[in-house]
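Dear colleague,

I am passing on the structure we spoke about, and below it you will find my notes on what turned up. Please read them with the structure open beside you.

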Amino acid sequence: MIESSMPRAAQGRERDVLHGDLQRLAALGEMTAAAVHDFNNLLQVVVSALRVIEGQLDPVPAQDVKDLFAQGLSAAQRAAFLSRRLLSYGTASGGTATRFELGAALRGSVPMLRWILGTRIGLRQELHEEPLVVECCPHELEQGLLNLAANARDAMSGTGTLTLRSEVVPAPSPSWPTENVAVISVVDEGCGMPEVVQEKAFERYFTTKGAGGSGIGLFAVREFARRNGGDAWFRSAPGQGTTVTVALPCRPLD
Ligand SMILES: Nc1ncnc2c1ncn2[C@@H]1O[C@H](COP(=O)(O)OP(=O)(O)OP(=O)(O)O)[C@@H](O)[C@H]1O
Ligand SMILES: [Mg+2]
């Protein structure tokens, strides 16, 4: 055996290097999966935007414009399909945390949320008024909201209203790093979740959507919240919609 002919210290070093390589590989896999998942959400925004433009092309455009449009749309749809297949590799390791004002970030996400919801689902905003600072990666927060909006859209199968709500509440326990907590909720009027689904909804790779889902959305949202000192949970009942809540430590803007 090769091992028995190697000095013990060299064997140990080799094992450490291998272990380090494996850890880096695992981290790379997770980062790739998170990026692919977010890329897929962005593609959905592109596809919805193209669909709306397509419906508004009036007068009927020349054949070559129509063909180009069809090609663009089908390329975006194929890319979305491809990203779903790539998603079986892992997920979420996190972007760069910065301090930013939460209300402005939530308002800034609204156009993207509208695109992912499509034209038949309404968006109501019930946002807190006082300026609040949170510390996390703003892009991850936006991606999380897109995930939740995509879930809400799927649950409402075409029509209904999504409410984006935020408020400031006292921290639920002294273990929280700040006195107050920003609570962001995405409320839908969709099909809700039966108990068996609720038990597993946060699990990585759990999906009820067959090939159309990868089961990463809710998992990534809770990982994001916990990595930034917060948490995520939901309330849901069959036929009565779902409210997913993300809580993050926050401070007043000084
Ligand atoms: N708002 C919701 N209403 C009803 N069911 C939901 C809602 N959000 C999540 N679920 C259930 O939880 C499951 C897991 O959700 P999750 O977002 O993690 O994965 P997914 O939507 O199936 O796939 P994807 O990775 O594309 O997000 C869903 O398949 C669905 O059954
Ligand atoms: Mg989802």
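**Ligand 1 and its surroundings**

In this model, which is a predicted one, an oxygen atom of ligand 1 lies 2.5 Å from a polar side-chain atom of Ser214. Backbone atoms take part as well: a polar backbone atom of Leu218 is 2.9 Å from an oxygen atom of ligand 1, and a polar backbone atom of Gly217 is 3.4 Å from an oxygen atom of the ligand. On its own, ligand 1 has 600 Å² of accessible area, and the protein covers 94% of that.

As for where it is held, ligand 1 sits in the largest pocket, and the elements that contribute two or more residues to the shell around it are helix 4 (138-155) and helix 6 (217-227). The ligand is surrounded by 20 residues, of which the closest are Asp188, Thr207, Thr208, Lys209 and Ser214. Sorted by class, this shell is made up of 10 polar, 7 nonpolar and 3 charged residues.

**Gly103**

A separate point concerns Gly103, which belongs to helix 3, the run of residues 102-117. Is Gly103 buried or exposed? With a relative accessible area of 1%, Gly103 counts as buried, because the term applies to values under 20%. Gly103 and Leu127 are separated by 24 residues in sequence, while in space their C-alpha atoms are 7.1 Å apart.

With best regards

Methods. Residues numbered from 1 in each chain as written. Chains lettered and ligands numbered in written order. Predicted model: local features only at pLDDT ≥ 70, side-chain atom pairs only at ≥ 80, totals over all residues. Heavy atoms only, no water. Near = heavy atom within 4 Å. Polar contact = N/O pair within 3.5 Å; in protein donor to acceptor, adjacent residues only side chain to side chain. Areas by Shrake-Rupley, 256 points an atom, 1.4 Å probe, with all protein chains shown as cover. 1 Å grid on protein atoms, 1.4 Å probe; cavity = no way out; pocket = protein on both sides within 12 Å on 5 of 7 lines; lining within 4 Å. Sits in = over half its atoms within 2 Å of the grid points. Helix = DSSP H or I, 4+ residues; strand = E, 2+ residues; numbered from the N terminus. Nonpolar A, V, L, I, M, F, W, Y, C, P; charged D, E, K, R; others polar. Buried < 20%, exposed > 50% of the residue type's maximum accessible area, 1.4 Å probe, protein only.
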